[in-house]
Structure formats: structure tokens, C-alpha cells
Amino acid sequence: MCGVVGIVGCSAVNQSIYDALTVLQHRGQDAAGIVTIDEQNRFRLRKANGLVKDVFQDHHMQRLQGNLGIGHVRYPTAGSSSPSEAQPFYVNSPYGIALAHNGNLTNTDELRNIVFERARRHINTNSDSEVLLNIFASELDKFPTYPLTAENIFTAIRQVHNIIKGAYACVTMIIGHGLVAFRDPYGIRPLVIGKRVLDNQKIEYMVASESVALDILDFEFMRDVLPGEAIYITQNGELYSQQCTDNQKYYPCIFEYVYFARPDSFMNGVSVYQSRILMGQKLGRKIAREWQNVDIDVVIPIPETSCDSALEIARILNKPYRQGFVKNRYVGRTFIMPGQMTRKQSVRRKLNANRIEFEGKNVLLVDDSIVRGTTSQKILEMVRSVGAKKVYLASAAPEIRYPNVYGIDMPVANELIAYNRTVEEIAKAIGADRVIFQDLTDLIDSITEQNPNIKNFECSVFNGKYVTEGINDNYLSLLERQQNDREKRSYTKESENLEIYNEDQ
């Protein structure tokens with residue numbers, strides 16, 4: 001899961017892209033990057049590992065000149081956390097193209113062969129995003145005329161849709177042309193477009209992963225980019241759009257609403273905040289129905305994504321709602337940190353229990369989801385250490401039993417706490433007295449109540465049903481082997497490989 005942004009402006013866009021990336025930081029904390037096109041039609045690039053505030057210093061921002069640019073925050077799934085795999089990527093031919101990508105391709109190995117054997121293009125990293133960029137570049141290279149027309153670009157994207165599989169929301173720039181954005185035919189990964197009308201009536205355009213990025217820059221939300229749709233905005237601000245597939249379907253990732261997206265975002269016509277309120281209402285009714293004999297003294301959320309749901313649960317159960325944890329806001333989101341050991345070490349540094357809210361009480365903790373169970377286990381140990389009598393745990397999402405292949409770091413089934421376990425076994429494994437999970441139908445209803453036009457969701461982590469082709473047992477076994485191989489390689493060893501870094505340090 002990553003965050004992307006692109007702006008076509010009438011003045012310098014470097015600060016606006018920086019500001020947008022800071023509010024998309026929750027989507028990826030491993031690396032950040034910005035590339036702009038200056039007045040001489042040259043790319044100006046800065047990317048590195050780290051948070052947005054650490055990657056971009058004053059001298060970097062001064063070099064990122066131009067009225068057109070794209071940005072990216074990375075959460076690594078495919079490839080590694082190597083600095084060479086930070087985005088955006090760029091290629092020099094044809095014209096000069098830069099790309100930032102949110103999602104994950106599921107036929108990357110096949111695509112590498114296509115890129116090399118048919119297009120004679122070299123891929124220098126393990127990133128599927130670099131492969132995607134070269135596929136797009138090779139399709140644009142088939143048009144002999146210059147400049148490219150909007151129809152040329154849309155034809156190339158139509159071919160990209162035919163070749164690649166998986167989840168992708170992309171922003172790209174083509175030197176001498178403008179900004180191009182496109183979304184996979186299932187709409188798995190989010191992408192929105194907005195505009196800002198200046199005093200002189202000129203219009204600036206922006207695309208981003210979430211609407212909150214538009215909000216903080218005073219861009220008016222226009223709409224979601226549709227599944228399979230492409231947007232082309234010229235350097236002069238002319239907007240073109242076209243549906244580039246005949247097989248588009250709406251299957252947005254349901255986990256965006258559970259965990260990833262900011263509550264003040266709207267995605268696919270749905271308020272993330274309101275969906276979490278409804279999740280809490282439905283789970284609260286389930287708890288009241290199925291746990292009538294469970295003695296609960298207080299409801300406490302595990303901050304922060306679960307707070308809205310927990311408040312509704314407390315209201316329905318008629319129990320006190322308390323903020324029992326103090327969060328260190330200078331520690332990143334543990335679920336999206338690279339490496340299991342890093343996640344384990346960060347849990348205790350991230351949260352501290354307020355003893356007065358736990359001591360001598362039967363506590364219902366509420367979390368947005370339970371993935372590997374390591375975070376839950378550490379939190380429950382902490383709660384018991386400050387005197388809680390009994391500890392119950394409610395999850396606003398159903399049991400996560402299956403790997404994710406579309407850009408969420410859940411590629412290995414046996415890492416998941418719910419894999420091949422009953423609810424009772426899950427409770428025992430994490431040290432809870434009892435555990436209760438949201439029903440999948442209720443989770444879906446929490447979103448479709450706001451937008452009945454969405455008939456389906458990408459729910460594979462809950463039900464094992466993958467919406468794209470080619471996801472079978474052999475593919476999942478391959479993913480598991482690749483994951484194990486990545487874990488064996490240390491960052492030290494990776495840094496010894498031949499890598500190309502941007503020199504703008």
C-alpha cells in the first residue's frame with residue numbers, strides 16, 4: 001500500500017506535492033519521492049528512504065522546480081526496502097517518462113520477460129513498479145509521431161491493461177506532454193481527481209490516492225477515477241479522460257475502509273469515517289446479542305483507527321468509553337513497518353497503558369483488525385501487567401485468514417493469526433479471555449449503505465476469493481517462497497548489490 005499524488009499547476013508545485021504527501025504519510029513510511037519537470041523539460045528528482053519530513057530538505061525543495069510533478073510515499077510489498085526501489089521511477093525513452101504506483105502486480109515475472117525479450121528494456125530493481133513503467137513506455141514507443149495525441153496515450157494504456165494483472169493506481173508524467181493517471185480495471189486501489197480555479201480563471205488539476213490530499217490544498221473534489229479509466233492533463237491544463245478497458249468492474253479493496261485510509265477521506269463515494277461508525281454499530285449489536293453473559297466494565301479502543309467504532313460499541317452496550325492508551329505519535333504504524341522483528345519491537349514503544357483505566361476491571365478492547373496477532377499479544381500482556389482482571393478483544397473486521405496479493409503486506413498465510421485457527425484458538429494464542437469478530441456481511445453493509453452502487457468488494461483476505469486471474473495455490477506458494485527468501489536477506493547484503501541511486505543527496 002502506497003500513496004500517490006500528481007499536480008498540473010500554473011506555478012511551482014513542489015510545496016503542494018510535499019504537503020499532499022505529508023497527509024498521505026499513513027499510506028507508507030518507508031520511503032518518499034518527488035519528481036518535477038522544469039522549464040527546460042528536464043526531470044528534477046529527489047527520493048530516499050524515510051518520512052517525507054526527513055527526505056526533503058530546503059535544498060532539495062529548491063531544486064524541484066516546475067509546474068508539473070508527481071509524488072509517492074512507499075510501503076514495500078513487492079521488491080524490498082532498498083533505497084534504489086523508492087519511487088517515482090523514470091525512463092529516458094521514449095520522451096522521458098516518470099511513474100509512481102500504488103498496488104501490486106501479480107504477473108511480474110512474466111512481465112519481466114516481456115520487457116526484456118520484446119522491448120529490449122533492462123529492469124534494474126526488484127520493483128514491480130519499474131516493470132509497469134517499462135511496459136507503459138514500450139507501448140508509447142509504438143507511435144512514430146510527435147507529440148503524442150490523447151488517443152495515442154489512451155491506446156497505450158488500453159494495451160497496458162491487457163498485459164498486466166493485479167492492482168494499480170498510477171500517476172505518470174511524459175516530458176513534452178503532461179500528466180497521465182490510470183486505475184486498474186477492478187478499481188482495487190483508490191484514485192481521485194480534483195481541480196482548483198485560480199483568480200484568473202485558470203484551472204489547476206490534481207490526482208491523489210485519497211480525497212484528503214485535495215482538501216488540504218483547497219482543490220475541489222471532482223470524482224473518483226473509474227476502474228479502467230485514464231486521465232490525461234496536458235502541460236497547458238487541457239483535461240482528457242477515457243475508459244480504456246471493455247471489462248471494467250468495481251471491486252474496491254475493503255481493507256482501505258477498515259485500516260488504511262484516513263477517516264476524513266471519501267473513497268468511491270463513501271465516507272471512511274461514517275463506514276467505521278457503522279462498523280462499530282453492527283459489531284456492537286453482535287456483541288450485545290452473543291455476549292449477554294460477559295461482564296464488561298469499560299470499552300477501550302486500541303488507537304487510533306478503531307476509536308470511531310469503539311465509541312459506537314460503548315454506546316450500544318451502555319458501557320463507559322475510555323481512552324486507556326497513551327500513544328507515542330513519533331512511532332510509525334506498526335502494521336506497515338517492514339519486517340516482523342521491527343513490528344514487534346515497535347509495539348511497546350508506540351503505546352503505554354494508563355493504569356487507572358485498567359486496574360481491577362474487565363476490559364473490552366476494540367481494534368480495527370487482527371492480522372499477525374503480534375501487536376494484539378503485546379498489548380494484552382501490557383494491559384494485564386497494569387492490573388486488568390479480564391481482557392476481551394473485539395475486531396471491527398472479520399478474521400484475516402488468507403494472503404493478500406494486491407499491495408497489502410499479508411503474503412504468507414501461516415503468518416496470519418487466524419490461519420487454520422478457530423476463534424477460541426485465536427483468543428488463546430493472543431492471550432485474550434474472549435475474542436469476537438465482525439461478520440463479513442456486516443462489514444460490507446457498513447460501506448454499501450452509503451453507496452449502494454458498489455455491488456462487490458475485494459475481500460480476499462477474509463474469504464480467499466481473488467478477483468483477478470491467475471491467483472491459485474501455485475502462485476500463493478511462489479509468493480511464500482519469495483517472502484522467505486526476502487527475509488533471509490539482510491539490508492546489509494542488499495546494499496552490496498549494484499544499485500543506482502539518485503545523486504541529489
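In the predicted model, strands β1 (residues 3–8) and β4 (residues 68–74) run antiparallel and are joined by 6 bridges. Within this pair, V8 is placed opposite L68 of β4.

Both strands belong to an open sheet of 7 strands, in which the order is β3-β2-β4-β1-β10-β9-β11 and the pairing is antiparallel. The edges of the sheet are formed by β3 (43–49) and β11 (220–224), each of which pairs on one side only. On average, and with direction ignored, neighbouring strands of the sheet are turned by 15° against each other.

Helix α1, comprising residues 14–23, lies across several of these strands, namely β1, β2 (31–37), β4, β9 (192–197) and β10 (203–208). Relative to β4, helix α1 runs at about 25°.

The packing of nonpolar side chains was examined next. The largest nonpolar core contains 38 residues, and F255 and F462 are the members that touch the most others. At least two residues of this core are supplied by each of the helices α8 (255–260), α9 (272–290), α14 (440–448), α15 (460–463) and α16 (473–488). The greatest contribution comes from α8, which provides 5 residues. Another core, of 34 residues, lies apart from the largest one; L111, L132, V160 and Y232 are among its members.

How values were computed
Residues are numbered from 1 along each chain as its sequence is written. This is a predicted model: local features need pLDDT of at least 70, side-chain atom pairs count only at pLDDT 80 or more; totals for chains, interfaces and linings use all residues. Side-chain values use heavy atoms; hydrogens and water are left out. A nonpolar core is a set of buried Ala, Val, Leu, Ile, Met, Phe, Trp, Tyr and Cys residues joined through side-chain atoms within 4.5 Å. Buried means under 20% relative accessible area, exposed over 50%, partly exposed in between (1.4 Å probe, protein chains only). Helices (H or I, at least four residues) and strands (E, at least two) are DSSP runs, numbered from the N terminus. Two strands pair if DSSP finds at least two bridges between them. Axes are lines fitted to C-alpha atoms, for helices over the stretch in contact, and angles run from 0 to 180 degrees between N-to-C directions. Contact means heavy atoms within 4.5 Å.
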